[in-house]
Every structure is written in C-alpha cells, then in structure tokens.
Amino acid sequence: NEVIEEVEESKAFFQVYEGAVYIHQGKTYLVKTLDLGAKVALCQQADLKYYTKTRDFTDVHVMGGELAYPRKVFDLKCPTTTAQASMCKVTTRWIGFRRIWHGTNEAFDSVDLFLPDYSYDSEAVWIRVPRHIRKELDTNGLPLRAGLHAASHVLLNIMPLYIMCNTSDLGTECANPHDTRYFPDRLLIFDRNPGGIGIAVQARPLFAELLQAALELLVSCECTTDVGCPNCVQYLECSEYNEVIHKQAAILILQGVIQAEDSYRQSKSDAQK
C-alpha cells in the first residue's frame, strides 16, 4: 500500500486503466482496478512479456466557428502564409486498448474500454488544403484522408528540427479506419499540453518552410510502399498505429498546398507594388 506515482490528468487514461501495463523506474506493474471517483488506480507488480497501448479518437475543434478555416484571412502580422494559429478544444474518447508482444510488436489481443471523455483547451496551427486537391487525388485514385494523415505525420516528424520541442508535445488528427465522420480538408498540428506552450504561435510564421521541408523529406526517402517508413510518414506516437496513411497522396497534397502558398505570396507582393 504505497503510492507509486502521480500521473498528470491529461495523460492519465493513456497510461492507467484496468488491464494496463504500467512501467515505473524500470519496474512493470499491471493495473488491476481504477477508481474514477477517488482517482486512484491499484497496481500489482508483474513480470509480463507484453505492453499495452490505447485505441482512441481525438477530435480537434478550432475555436471561432464551426468552419475548419475562415473564408478570408485578415492578418497583416504574417502576410507570407495562410496558416493560422488558433485556440482549440481537444477531446479524446477511449474505445479500447491492445496487448502487444515486446519482441515482435505484434498485437495479440484487443479489449474494450469504457472511460469518460477528456477535453482541454490548447493551441493549434493549421492550413487549408485547396479544394482542387481532392479532385486531383480522386483522378489519380489516391485517398484524401490517408494523404492528410501521412502529410501531418511528416510535419510532426520535422517540426522539432525547427522549434524547440519534443514530438510528444505535438499531436494531429490521426485517421481511424472505422471512423466515417466528416473531416476537414486541412493539415493541423496541435499542442498536447493543456493551455498550450506557444508551439503553434512559433510554427505559424515558419509554416511555408515546414511544408517545403516535409515535401523534400518525402521525395528524398527511398522507401517504395504506400505506407512509407519511420523516416517519412510513420509516426511513433500515432494513436492509430500508422493505419490509413498513403505516401504518394501526401506528396500530392503537400505540392498543392505549397503551390497555393506561393500564389498567395505572389498576390500579396503584387498588391503592394
């Protein structure tokens, strides 16, 4: 009967739930019960050959309206990009967890979870994907949602090279293969820290550079499969285990967004002459 550790509320259900494998100071524990009212989890030390990882949906609602992006952008502070840095509400719903073997990283069991949703306010940086990109992808037989997911992963992977942060500080809208709800045509990165720690504000003026770096990484990566590799579109922290991603679709999306950004900057330059 001793306290092992106190877990931050925003991260608690990712780590502590009935059946979870919890590791603390090199020791492995199995979570036996979770008392939501008392906010206490009872754990038992165990020697296990597997680890656990949650399955969840995370929705990001950009503050300021129901639309994913405004019809027009009125901001003279950052005239080189249409990217926006906005307050957002992040809501996570846990649907289950998987047991995964240590040696092979192969999931061998799936268990349902019944936990309350968790929401917090944070900050996000995002950019609209031009509508003609959807038609271009359809023409080439490429999936839009998998492309958005993959392109967002690349941005997550390269962002710590430009801003002082860890990949664990960042998140995106990871596509679930069973989710058929509407999704906005956008590339969005949100701050996983409740309230935000300024990452989105720092990323906004760099977004054109981030997009170009992401495209260069994709084009230069020598992997040939649609699902890419950990060097490009796969992301270690992906809550959907890097499902629903498509490398070639991501390339077309990034090319389209970069072209739209170039046109935007050119129109701004012409208007100032």
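1. Strands, in the sense used here, are DSSP runs of E with at least two residues, numbered from the N terminus. With that in mind, note that the structure is a predicted model, and that strand 4 gives the largest share of the lining of the largest pocket, namely seven residues.

2. That largest pocket holds about 1300 Å³ of space. Its lining is made up of 40 residues, and those closest to the centre of the pocket are Phe-14, Lys-53, Arg-192, Leu-236 and Glu-237. Two or more lining residues come from each of helix 1 (9-15), strand 1 (21-24), strand 4 (50-62), strand 5 (84-101), strand 7 (118-128) and strand 8 (170-172). Sorted by class, the lining of the largest pocket has 19 nonpolar, 14 polar and seven charged residues.

3. The second largest pocket contains about 960 Å³ of space. It is lined by 29 residues, of which Glu-5, Val-16, Lys-39, Val-40 and Ala-41 are the closest to its centre. Helix 1, strand 1, strand 2 (27-35) and strand 3 (40-45) each contribute at least two residues to this lining, and strand 3 gives the most, with six residues. In this second lining there are 16 nonpolar, five polar and eight charged residues.

4. A student may then ask which residues touch the most other members of the largest nonpolar core. They are Leu-187, Leu-211 and Ile-253, in a core of 48 residues. At least two residues of this core are supplied by each of strand 7, helix 2 (131-139), helix 3 (144-158), strand 9 (186-191), helix 4 (199-203), helix 5 (207-220) and helix 6 (247-272).

5. Once residues up to four places away in sequence are left out, Leu-211 touches Ile-127, Leu-155, Leu-187, Leu-254, Val-257, Ile-258 and Glu-261.

Terms used: Residues numbered from 1 in each chain as written. Predicted model: local features only at pLDDT ≥ 70, side-chain atom pairs only at ≥ 80, totals over all residues. Heavy atoms only, no water. 1 Å grid on protein atoms, 1.4 Å probe; cavity = no way out; pocket = protein on both sides within 12 Å on 5 of 7 lines; lining within 4 Å. Points joined across faces, edges and corners; volume = space filled by probe spheres on them. Helix = DSSP H or I, 4+ residues; strand = E, 2+ residues; numbered from the N terminus. Nonpolar A, V, L, I, M, F, W, Y, C, P; charged D, E, K, R; others polar. Core = buried A, V, L, I, M, F, W, Y, C linked by side-chain atoms within 4.5 Å. Buried < 20%, exposed > 50% of the residue type's maximum accessible area, 1.4 Å probe, protein only. Contact = heavy atoms within 4.5 Å.
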